[in-house]
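Trainee: I would like to go through this model with you. Could we begin with the terms and then turn to the details?

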Amino acid sequence: MLRSVPEKGFAVLDCLSNMAAVKSTLIDSEVEYFSNLSANWWTSLKGLEKQNKLRVPYIINSLVETGKISRETAKSGKPLTGIKILDVGCGGGFSTELLAELGAQVTGLDPSIKLIECAREHLKEREDIEDRVEYVHGTIETFCEQHIEHYDHVVAAEILEHIQVRDLFVKACVKTLKPGGTYFVSTINRTVKAWLHMILYLEYVVGSIPRGTHHWNLLVTPNETRSWIENADCTIVTINGWWQSADGEWQECDDTSTTYYMIAVKKYGQSSLLPK
């Protein structure tokens with residue numbers, strides 16, 4: 001049986017009129033679901049690890065294009081040296097560790113204490129990067145108030161489809177970015193094709209994604225994502241799609257009807273984007 005998220009409150013998701021009333025972007029059932037995956041995070045979720053490796057070149061290129069790193073540095077063994085990155089919804093630490101391997105100072109933020117504990121425990125095995133990684137338990141809407149314009153790059157990968165009040169979430173992420181900093185977002189489109197492939201096929205037929213991970217009513221269209229990002233005073237520079245085959249491998253494509261990513265740049269002179 002397909003796992004569903006309670007409908008209560010979804011009629012008003014992402015509405016500015018409700019931002020003052022709804023201060024949390026969390027859906028408790030989603031946090032609980034991913035917390036329950038923590039024991040086997042580094043052994044049973046290899047699909048996420050593969051996707052992270054595809055994502056990194058785009059992050060590096062965005063930093064080159066915005067002048068954060070040089071093209072020569074981008075070709076080095078640690079192209080992200082000196083770059084401060086916030087990994088929002090870091091889970092057990094796949095992307096956090098990978099970015100640290102490339103030289104970045106990375107903060108992994110997650111609302112699940114079980115996943116943060118999982119990430120911290122795994123980091124103990126990585127003496128080569130442990131001084132470049134910090135894991136924080138919390139929400140982005142709280143965290144951003146103490147880290148205004150602190151990061152060069154923010155990653156929010158496969159998070160939008162697991163939260164509520166997405167416009168508040170995006171503005172909170174952008175609030176932590178320095179002017180000119182880059183914002184990477186990836187998620188699943190709300191189309192029949194995406195449901196058939198990402199949910200029915202990959203979760204219930206192939207099993208490369210744990211059953212019950214995604215829900216139709218939480219999927220997000222590119223137009224919705226674009227509007228939230230642009231309303232947070234960012235300029236979108238890249239929109240593209242990617243595709244996961246039955247063997248779990250990810251590849252880039254022009255088709256955004258299943259999964260897609262966006263890269264945006266925070267405009268200069270824009271700060272304090274969240275209502276007090």
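Mentor: Buried means under 20% relative accessible area, exposed means over 50%, and partly exposed lies in between. The model is a predicted one.

Trainee: Then how does Lys178 count, buried or partly exposed?

Mentor: Lys178 has 27% relative accessibility, so it counts as partly exposed. Its side chain meets that of Asp152 in a salt bridge, at 3.1 Å from N to O. Because Lys178 lies in strand β5 and Asp152 in strand β4, the pair ties together parts that are 26 residues apart in sequence.

Trainee: And Asp152, buried or exposed?

Mentor: Asp152 counts as buried, at 7% relative accessibility.

Trainee: How many salt bridges does the structure hold?

Mentor: There are 12 salt bridges. One of them joins Lys193 and Asp255, whose closest N and O atoms are 2.5 Å apart. Lys193 belongs to helix α9 and Asp255 to the loop between β7 and β8, so this pair connects parts 62 residues apart in sequence. Lys193 is partly exposed at 36%, and Asp255 is partly exposed at 31%.

Trainee: Which residues are linked in a network of salt bridges?

Mentor: The network links Glu97, Glu101, Arg126 and Asp128.

Trainee: Back to α9. Where does it bend?

Mentor: Helix α9 bends at Leu200, by about 35°. The helix covers residues 192–206, and its end C-alpha atoms are only 18 Å apart, whereas a straight helix would reach 21 Å. After α9 comes Gly207, with a positive phi near 80°.

Trainee: Which residues of α9 are buried?

Mentor: They are Ala194, His197, Met198, Ile199, Leu202, Glu203 and Tyr204.

Trainee: New topic: how many disulfides does a search of the whole structure find?

Mentor: The search finds zero disulfides. For Cys118, the nearest cysteine sulfur is that of Cys90, 9.5 Å away.

Trainee: Finally, what does the protein chain look like overall, in helices and strands?

Mentor: The chain has 10 helices and eight strands. Of its 276 residues, 56% are buried. Its accessible surface comes to about 12100 Å², with 52% belonging to carbon and sulfur atoms.

Definitions and conventions. Residues numbered from 1 in each chain as written. Predicted model: local features only at pLDDT ≥ 70, side-chain atom pairs only at ≥ 80, totals over all residues. Heavy atoms only, no water. Helix = DSSP H or I, 4+ residues; strand = E, 2+ residues; numbered from the N terminus. Expected span 1.5 Å × (residues − 1). Bend = angle between axes of the 7 residues up to and from the residue. Buried < 20%, exposed > 50% of the residue type's maximum accessible area, 1.4 Å probe, protein only. Areas by Shrake-Rupley, 256 points an atom, 1.4 Å probe, with all protein chains shown as cover. Disulfide = S-S within 2.5 Å. Salt bridge = Lys/Arg side-chain N within 4 Å of Asp/Glu carboxyl O.
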